[in-house]
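Visitor: I would like to learn how to read a few features of a structure. Please take me through them one by one.

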Amino acid sequence: MTTDPAAAPDWEKRFRAPRVSLPDWAEDAPDRSLFVSNATGTYELYAWDRASGRQRQVTDRPNGTTDGVLTPDGETVWWFSDTDGDEFGVWMRQPFGGGEDEPAAPGLAPSYPAGLAIGRDGSAVIGRSTDEDGTTVHLVRAPGAEPVEIYRHRESAGVGDLSHDGTLIALEHTEHGDAMHSALRVVRPGGSTVAELDDTEGGTKELGLSVLGFAPVAGDTRLLVGHQRRGRWEPMIWDPVAGTETPLPIDLPGDVGAEWYPDGSALLVEHEFEARSELWRYEPGAAAPVRVDTPAGTVSGATARPDGTVEYLWSSAAQPPVVRSTSGAVVLDPPGAKAPPSVAVEDAWVEGPGGRIHALVQKPATGEGPFPTIFEIHGGPTWHDSDAFASGPAAWVDHGFAVVRVNYRGSTGYGRAWTDALKHRVGLIELEDIAAVREWSVKSGLADPERLVLAGGSWGGYLTLLGLGTQPDAWALGLAAVPVADYVTAYHDEMEALKAMDRTLLGGTPEEVPERFEASSPLTYVDAVRAPVYISAGVNDPRCPIRQVENYVDRLAARGAVHEVYRYDAGHGSLVVEERIKQVRLELEFALKHLGGGPVQGA
């Protein structure tokens, strides 16, 4: 391991380079901002007073903190306090300028978070999820006041937003039993229903809705929502009080989201299509949106400021992230060494059993293929890989590997039908697409068929273990991080919101559809695994709990299969930079040991 940071290899420098998130800002005090940074080596929350330039660290915990929000007046930071990454905890409050932390809602017991909205009058709407109660939503009318329950249901739900004057609360819920497609309900602070919007028709129709935000103007009851009525995500304006719905003529391919400009006069439109993203401005009533100029690549977040400028977090596979403004300025530039660039990504389109599959490919800058190739499979599953900077794939490229990332069926950004296609044959459908891209990679001369690595984290880790068992001749090595390994045990141990998602994906519980859980569980195929397997897992993980990982490992060990396991004291991944570097190093060492090659750079 390299001790001199300046002499460290580029792959380590990319992880250590200081990064910042897109700053959030207080609605009524826009000079006060909150952002996340790894400047200390652990991702924590920071307060930033733009007027004075002063920045200070808000949280300081061994395993990091990333969930926080400013009150509208900018006077207080709310942050979520869990235990070592287990995602189970309570909201805390701290003055913006610094001071002691205190429980934000002392009458509420610890839970998994299910949304938060804070009012201008000091009230707060807090969503909670527990195994015992399902989802509950509570109104706290003032700091320290007794919480009042205004919503309860066994199925998953969450707080969407609170209107400008605090008289309307938007909730997303899945009372119909389809956790992939939410319905909306707007209620008064006392819990009485104002209006409902449900595109699922009682669960018989698979169309979802999402809350994008109330208009930020006093007395304005318009709610911006996302819908899937035309086969993709796009925004419309719903007024739950007037009972009107206003479609928007934003005819862009791919998925479209939006948020309000601060004065409510326009929408900032975020458009994702074929692994890239861009920004547009749309004024309600106009014939079409107008493009906001951003470089080619990925916009990971954007916000419109009161002066009309737009700030956005941008990166590409080759260039590290930066917070920019449409004024041309870099908004927030952390001190310290910058991350070295990587190589650009190339697009591959492969015909698959369910349609054209989009894959992103990075190749070493020197040398000719075929290369040892790692298929780095994204999690989610409702997510997608994009042309964005990622230190993990870049580390493999530095060590002579080609990297292939597949946006399999289940991925977002390619329309509703593509995202919803994986139901009931969970895992197996995604692996069909991965197999098609794997075959293309070999036939095209990119990949060495004897040195193919299947890898991923979370759902990607799950697909890795499932693929090693169902496609044992296809892969030379497997690297699974925080995976689902034993689907039945995972279901019983995981957080309640994920139970609901699994019931949706598989059509019921393990007791109701045992054959589907068996067909989709890596444990079913563990005895067929031939490739060496490396598994890493967080001992406090509520999403892919440790017990089901141990069940899988025990089966590997019982037959003497080649494997290594690394357990670390965190949850679903780590927010500590050196821990993340250690994990990547261990994966590189395992792969190079079994596939051949030089030592890990800097080891």
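Predicted model: local features only at pLDDT ≥ 70, side-chain atom pairs only at ≥ 80, totals over all residues.

Visitor: Which residues of α2 are buried?

Guide: Buried means under 20% relative accessible area, exposed over 50%, partly exposed in between (1.4 Å probe, protein chains only). Helices (H or I, at least four residues) and strands (E, at least two) are DSSP runs, numbered from the N terminus. In α2, the buried residues are S391, G392, P393, A394, A395, W396 and V397. Seven of the eight residues of α2 (residues 391-398) are buried, so the helix is largely enclosed by the rest of the structure.

Visitor: What do the buried residues of α2 pack against?

Guide: Contact means heavy atoms within 4.5 Å. Their partners are α1 (10-16), β30 (355-362), β31 (371-377), β32 (402-407), β34 (477-481) and α10 (577-595). After α2 comes G400, with a positive phi near 90°.

Visitor: How should I read a pair of packed helices?

Guide: Two packed helices are described by the angle between their axes and the distance between the axes. Here, the axes of α4 (residues 428-443) and α5 (residues 459-470) come within 10 Å and cross at roughly 75°. Axes are lines fitted to C-alpha atoms, for helices over the stretch in contact, with angles from 0 to 180 degrees between N-to-C directions. That makes α4 roughly perpendicular to α5 (under 35 degrees is roughly parallel, over 145 roughly antiparallel, 65 to 115 roughly perpendicular, the rest oblique).

Visitor: Which residues make the contact?

Guide: From α4, L428, E430, L431 and I434; from α5, W459, L463, L466, G467 and T470.

Visitor: Is D420 buried or exposed?

Guide: D420 counts as buried, at 10% relative accessibility. D420 is found in α3 (residues 416-420). D420 touches M180, H181 and E206, not counting residues up to four places away in sequence.

Visitor: And where is R516 found?

Guide: R516 is found in α8 (residues 514-520). At 26% relative accessibility, R516 counts as partly exposed. The C-alpha atoms of R516 and R425 are separated by 7.1 Å, though the two are 91 residues apart along the chain. R516 touches H424, L506 and G507, again leaving out residues up to four places away in sequence.

Conventions:
Residues numbered from 1 in each chain as written. Heavy atoms only, no water.
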